[in-house]
Amino acid sequence: MITQALPTPRISRALIDITPAILLGLVCLVLWEAAIWLFKVEPYVLPAPSAIALVMIEQFPVLAVAALVTAEEILIGFILSAVTGIAVAVIIARFETFGRALYPLIVLFQNVPKVALAPIFILWFGYDLAPKVLLIVVIAFFPVAIGMLSGLQSVDPSLVSLMRSVGAGPGTILKRVRLPHALPQLMAGLKVAVTLSVIGALVGEFAGASAGLGYLIQFASTQLETALVFAAILFVSVLGLVFYYVVEMAEQYLIPWAPKFADANNR
Amino acid sequence: MASARPVLRPAPAPAEQPAPVHLSAEGVAVDFDLGGRTQRVLTDIHLKIGKGQLVALVGPSGCGKSTLLRLFAGLMKPSAGKIEVAGMSPVEAARQKRIGVAFQDATLLPWKTALDNAAFLLETADPSLSRAEVRARAETNLHLVGLAGAEGKRPSQLSGGMRQRVAIARALTLDPEVLLLDEPFGALDAITREEMGTLLLDIWQRTQKTVLLVTHAFDEAVFLASDIHVMGTGPARIIETIASDLPYPRDAQTYRDPRFAALEARLRELLVKSHKGAT
């Protein structure tokens, strides 16, 4: 009915909404280009947008290979962060006494600046995938655990009573009510975690690596190839955006019952 | 349910032939532990509710009437005294699916359809039943509460009254002997509340279940119940039991019956008195 008539106007409205942003972005790029030319800025200090675009085309194979390495780190690290965070939350929620012991330790650990652990992980695990994945997990599992935990614990007490009134134990209540109920907050935690995973991968590569976008950024900056640095940063950003949208798509697939923004507007 | 509506049977008149006791509380007291200090929230409760009766428990908010309902549902244990449902402990009765509960909030699962919500408690209570059978029973009860056609809707697409109907269908799907309803219409608007009251009477007369209704609305209690237990505060106890002289079946005419007004006035008087006594 209404929803079927909507798509076309919604898409065109989205285009109208985004047009000013695109225009402003273009104006900024033009001003940037003009300023470089006008003030004769050295390319190793700040390259012109055109120079960055050129490097992206010329060095595409290098950038692509580096992006694949980083993407692998992010993907594995993010998945392990999700698994760790969910497991921690379920354990805390399900085993109350153990949870009371574990929770303060996790909060304490969260206050350790995890970036500072990168050199130690390099020391322990070398220059390959493992230290980056580990760094991502220690950085990114926390928002997953917190989101999941608050989702598990915010179930309506009446619903728990109802389950208990037919003799359901804590395990059944966890499986049938708490876990599905926690999904929206889990997804919110995962969205934070995926962004942190990108940062974790970069920091891991800065600390010690022989491949990847982070490594490329560091290497290119020591060579004063600033245009390549910018190109790599752009690649990282796009990578982060792609991962974020994958998580958001998963959210829409997993929790279709969550009221959509458009539905709320049509009420 | 067959398409033809079953003929409404008049409810058994408790005064003429006393029904066997179905819910009983003997000398029940409940203490809450408030960080070292105990507070007595229920004291000296004696209550006998006959099989197939529709009984209301009225009292001011916080008087412990929900606590009493939770005792009968096996959700908590009394500090003293004895609670029995169908001659056994409430926990055992709950395990045998003899008890159906509904609260003020419909507490539906937002990720399930109306049909799956109605089915879900039975599914949990009895994993041995086939999915098809559970769904068939849930569907029957959704129709019974007047929700034919809404099976596939999610709670977010239902009105407050419809959600409460699903909650009642969910309790009925267990096919319990006892329905424990904790202010089930408390969050609904006046018109929907009356509709739901009529629906509850209809269901009760068709299924002959024992119903314990906790409410703070006098008119609701008078309209529905055959016996009204009035609770007072500080600490909560049953201050009076009123046997209603309003005949069943009841309908919109019942509201205009002079006996209705008299009962409502009597309730109000009792509660005002108990309220003054407490403060």
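In which strand of chain B does B:T43 lie?

1. B:T43 belongs to strand β2 of chain B, which covers residues 37-50. It should be kept in mind throughout that this is a predicted model. With a relative accessible area of 16%, B:T43 falls below the 20% limit and therefore counts as buried. Neighbours within four places in sequence set aside, B:T43 makes contact with B:V28 and B:A29, and also with B:P235, B:A236 and B:R237.

2. A further site in chain B is B:Q208, located in the loop that runs between α6 (190-207) and β7 (210-215). Its relative accessibility of 28% places B:Q208 in the partly exposed class. A polar atom of the B:Q208 side chain is 3.1 Å from the backbone oxygen of B:Q205. Although B:Q208 and B:K51 are 157 residues apart along the chain, 8.4 Å separates their C-alpha atoms.

3. Helix α8 of chain A (residues 157-164) is largely enclosed by the rest of the structure, because 6 of its 8 residues are buried. The buried residues are A:S158, A:L159, A:V160, A:S161, A:L162 and A:M163. They pack against elements of both chains: α9 (170-207) of chain A, and α1 (65-72), β5 (99-102), α3 (114-125) and α5 (160-173) of chain B. At the start of α8(A), the backbone nitrogen of A:S158 has a side-chain oxygen of A:D156 within 2.9 Å.

4. The largest nonpolar core comprises 152 residues, and the members touching the most other members are A:L213, B:F72 and B:I228. The element that gives the most to this core is α9(A), with 13 residues. Residues up to four places away in sequence not being counted, A:L213 touches A:L63, A:A66, A:A67, A:T70, A:L202, A:E205, A:A232, A:F235, A:V236 and A:L239. There is also a second, separate core of 7 residues, including A:L117, A:A118, A:F121 and A:V138.

5. The last point concerns the surface. A:I11 is classed as exposed because its relative accessibility is 56%, the limit being over 50%.

How values were computed: Residues are numbered from 1 along each chain as its sequence is written. Chains are lettered from A and ligands numbered from 1 in the order in which they are written. This is a predicted model: local features need pLDDT of at least 70, side-chain atom pairs count only at pLDDT 80 or more; totals for chains, interfaces and linings use all residues. Side-chain values use heavy atoms; hydrogens and water are left out. Buried means under 20% relative accessible area, exposed over 50%, partly exposed in between (1.4 Å probe, protein chains only). Helices (H or I, at least four residues) and strands (E, at least two) are DSSP runs, numbered from the N terminus. Contact means heavy atoms within 4.5 Å. A polar contact is a pair of N or O atoms within 3.5 Å; within protein, one must be able to donate a hydrogen and the other to accept it, and residues adjacent in sequence count only if both atoms are side-chain atoms. A nonpolar core is a set of buried Ala, Val, Leu, Ile, Met, Phe, Trp, Tyr and Cys residues joined through side-chain atoms within 4.5 Å.
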